[in-house]
Amino acid sequence: MAEQKENLQMEKIVSLCKRRGFIFQSSEIYGGINGFWDYGPLGAELKRNVKELWWHTMTRQRDDVAGLEATIIMSPQIWKASGHVDTFADLMRECPLTKKRVRADQVEPQSGIVYSYTGANSTLTDNEIVNFRADLKNVLANLQGDDNVKTLAMAAEDLLYGPLNVGKIRSYLQEWQDKWVGSPSLIKYLEEFAGKHEGHYSSDSFAVLIPTGKPPESAQKIAQEFYRQQRVRNPELLGEEKKKVDNSIDFHPESGVGLTEARPFNLMFKTYVGPVESEDNVAYLRPETAQAIFAQFKNVLETSRQKVPFGIGQIGKAFRNEVTPRNYTFRSREFEQMELEFFIKPDEAVEAIHGSVATVPETGHPGEPQPNWGWQAWHQYWVEERVRFYEGIGLARETLGFHRQTAEELAHYARACVDILFKFPFSKKDEQGNVAGDELEGIAARSDFDLSQHQRFSGKPMGVFDDELRAAWAKLPKEKQDDLWRRFYENRKKYLTKMARPDETPEQIQKQATEDANGLAKGQYIPHVIEPSAGVDRLILALIANAYSEATTTDAKGKSETIFTMKFHPRVAPIKVGVLPLLKNKPDLVKKAIEVRDLLRPWMNVYYDDGGSIGKRYARQDEAGTPFCVTIDFDTLGEKPELLDTVTIRYRDDGRQERLKISELRDFLLSKIR
Ligand code: ATP
């Protein structure tokens with residue numbers, strides 16, 4: 001029941017999004033395209049606001065972050081280095097009948113009766129047998145020849161009785177063919193028939209789950225369809241067995257057919273650069289924006305006059321050929337990401353400079369960045385900064401969830417990863433009824449893996465020179481130097497061993513790790529990175545789900561009406577203010593209202609509306625999520641002289657109204673929406 005209610009909630013949200021122009025299905029007039037979504041007038045504004053806020057918070061308002069805007073298609077070498085070509089895959093299982101795939105970890109458990117078969121034989125249909133026999137009788141009746149031919153023809157009469165299949169005709173042909181020299185019409189007929197009705201035998205096993213109580217014929221029908229696809233004619237099912245199963249994850253949720261073993265399926269969209277579609281020209285649509293940041297790390301470092309620790313932020317499209325796009329825009333095939341790569345010193349460098357690395361609790365904001373922060377403090381800092389960002393646009397902490405990846409879940413190079421979740425209406429409940437939520441953003445501590453990979457693949461140095469480190473190192477006692485050197489060496493050796501090419505020997509790896517550790521002693525290292533990576537579309541969906549509210553009112557006549565309000569935070573609301581003249585047919589009111597609109601327009605998205613009753617116009621703005629409406633009435637024109645040049649401002653969430661001077665309006669609204 002609870003699930004039904006949640007689906008209903010999503011249905012309502014989807015319908016409102018379409019009705020009010022937040023989100024449309026891409027290519028809808030052609031029936032849509034799965035996993036692609038368009039943003040309508042209100043959605044486009046909402047999305048723009050969210051991206052602007054991210055950009056503003058993450059780059060412009062900080063001294064230590066610079067921006068980047070890179071291309072979607074990049075050298076395919078980037079995706080080799082990042083591991084996406086070889087490992088960016090989901091484990092998939094396929095329905096052998098419909099060829100539909102499901103992610104191996106997302107198969108819904110099912111119960112029922114499983115019918116399984118060991119294979120199938122080709123058979124003839126009853127009609128085909130009747131027609132065959134009538135024709136054969138004709139052929140035999142017209143057969144002419146000596147006694148020998150007659151004997152053989154009598155043998156062929158055996159085909160007129162008992163069970164018949166192509167195999168039986170073939171064995172007759174094999175036995176008598178050479179002897180029937182004088183009766184070509186019979187041979188020709190049998191050969192032609194066998195050739196035309198030949199089928200295949202299949203020894204592929206097949207299983208299908210049907211709900212308890214459904215007749216076995218429905219399973220047999222599905223199995224026959226499967227074997228027909230294997231070119232088995234009119235399949236006769238072999239070795240049927242049936243078994244009851246509970247909560248099995250081995251059957252396709254739609255067809256009920258037993259799934260294949262899990263196989264990896266690469267999620268990158270492929271294309272070709274240039275006119276020749278050859279392997280040499282293959283390129284990929286980027287599956288994440290992050291890699292461009294790593295590839296341009298040196299250019300940004302050199303041109304922005306930044307020093308580690310510093311970050312590079314980017315917003316842009318990403319593409320993943322998701323096998324099962326679902327939950328509206330949550331899992332799309334084309335989406336946008338807002339990613340920051342924040343480069344930090346390795347802990348050994350921090351320790352060399354500051355004597356020790358600051359320890360921070362695993363939760364809570366660690367405060368303003370400090371020079372002695374290691375990766376743990378930076379990671380915790382970014383988790384909390386990101387939560388503050390979400391709170392600042394209206395997602396209260398209790399609507400969020402957190403998932404700290406376990407050692408098994410972490411990528412081999414990652415030190416930690418915390419996912420920030422949002423409790424969507426479709427998010428699953430655990431046995432106690434608690435909702436953890438689904439991922440909005442992941443904040444990963446990725447060590448020096450990414451830049452190291454690009455250094456190895458491009459042959460271009462990705463390290464930095466740190467004067468402070470070099471100076472500090474020289475002053476360290478020998479034991480401290482040895483200790484730090486050894487720890488750094490071990491980390492580099494671990495990475496180099498894990499990512500070694502087949503032709504690299506342990507000696508070469510040790511030599512490289514030694515060089516890297518010697519480099520540290522001279523003030524050189526490859527920066528480590530903390531990566532807060534958020535999805536724009538998921539955030540838009542979270543904001544919409546969070547804002548959605550409905551209330552049903554019943555008037556004196558007993559007529560009830562449901563009113564929808566999108567309670568967006570003013571910072572993200574697509575329209576900031578509705579400007580409404582009380583009456584459309586009073587030129588003075590309209591003139592003043594247009595003056596107010598034009599006063600506000602350079603500063604915010606204003607919607608001028610003079611159509612319909614004032615109540616209807618408020619309701620329209622409530623549905624669009626407009627936090628404020630200003631009404632220009634006769635008092636604005638000075639009917640009550642003390643109210644001249646004032647307007648009524650109405651607040652969306654509680655319907656409260658107050659009077660404000662037009663001259664104060666802009667600053668008042670700006671204070672609310674910024
Ligand atoms: P998931 O486990 O849900 O597939 P992920 O861990 O693969 O996500 P990342 O590679 O960390 O996701 O991408 C960073 C962010 O990009 C995610 O937190 C999410 O907000 C967004 N994102 C990833 N895949 C999609 C998608 N298919 N549709 C919409 N947003 C996505």
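How many bridges join strand β14 (residues 310-319) to β15, and in which sense do the two strands run? Ten bridges join them, and the strands run antiparallel. Two strands are taken to pair if DSSP finds at least two bridges between them. Helices (H or I, at least four residues) and strands (E, at least two) are DSSP runs, numbered from the N terminus.

This is a predicted model, in which local features need pLDDT of at least 70 and side-chain atom pairs count only at pLDDT 80 or more, while totals for chains, interfaces and linings use all residues. Residues are numbered from 1 along each chain as its sequence is written, and side-chain values use heavy atoms, with hydrogens and water left out.

**The seven-stranded sheet**

Strands β14 and β15 belong to an open sheet of seven strands with mixed pairing, in the order β3-β14-β15-β21-β18-β17-β16. At its edges are β3 (65-68) and β16 (400-404), each of which pairs on one side only. Direction ignored, neighbouring strands of this sheet are turned by 20° against each other on average. Helix α2 packs on the sheet and touches β3, β14 and β15; the direction of α2 makes about 5° with that of β15. Such angles run from 0 to 180 degrees between N-to-C directions, and axes are lines fitted to C-alpha atoms, for helices over the stretch in contact.

Strand β15 (residues 334-344) is mostly covered, with ten of its eleven residues buried. Buried means under 20% relative accessible area, exposed means over 50%, and partly exposed lies in between (1.4 Å probe, protein chains only). On one side, Met338 of β15 is the bridge partner of Ile315. β15 also pairs with strand β21 (residues 528-535), in the antiparallel sense and over six bridges. Within that pairing, Phe342 stands opposite Ile530 in β21, and Ile344 has His528 as its bridge partner.

Contact here means heavy atoms within 4.5 Å. Leaving aside neighbours within four places in sequence, Glu336 is in contact with residues including Lys47, Lys51, Lys317 and Asp537. Ile315, Gly316, Ala318, Ala534, Gly535 and Val536 are also among the contacts of Glu336. With the same exclusion of neighbours within four places, His528 is in contact with Phe342, Phe343, Ile344, Pro346, Arg415, Ser447 and Asp448. The C-alpha atoms of His528 and Leu451 are separated by 8.1 Å, although the two residues are 77 residues apart along the chain.

**Helix pairs**

The axes of helix α2 (residues 41-60) and helix α18 (residues 536-547) come within 10 Å and cross at roughly 115°. Therefore α2 is roughly perpendicular to α18; angles under 35 degrees count as roughly parallel, over 145 as roughly antiparallel, 65 to 115 as roughly perpendicular and the rest as oblique. The crossing of α2 past α18 is right-handed, a term used if the near helix is turned clockwise from the far one by less than a right angle. On α2 the contact is made by Leu46, Lys47, Val50 and Lys51, and on α18 by Val536, Asp537, Leu539, Ile540, Leu543 and Ile544. By class, the residues of this contact divide into seven nonpolar, no polar and three charged. Ala, Val, Leu, Ile, Met, Phe, Trp, Tyr, Cys and Pro count as nonpolar, Asp, Glu, Lys and Arg as charged, and the others, Gly among them, as polar.

Helix α14 (residues 449-458) and helix α16 (residues 478-498) have axes 12 Å apart and pack at an angle of about 60°. Therefore α14 is oblique to α16. This crossing of α14 and α16 is right-handed. Phe449, Ser452, Gln453 and Arg456 in α14 meet Arg492, Tyr495 and Leu496 in α16. The contact of α14 with α16 has three nonpolar, two polar and two charged residues.

**The three-stranded sheet**

An open sheet of three strands has antiparallel pairing and the order β8-β6-β10. Its edge strands, β8 (206-210) and β10 (241-248), each pair on one side only. The twist averages 30° from one strand to the next. Strand β6 (residues 110-117) is joined to β10 by six bridges, and Tyr115 stands opposite Lys242 in β10. Helix α9 (residues 216-229) packs on this sheet and touches β6 and β8, and the direction of α9 makes about 145° with that of β8.
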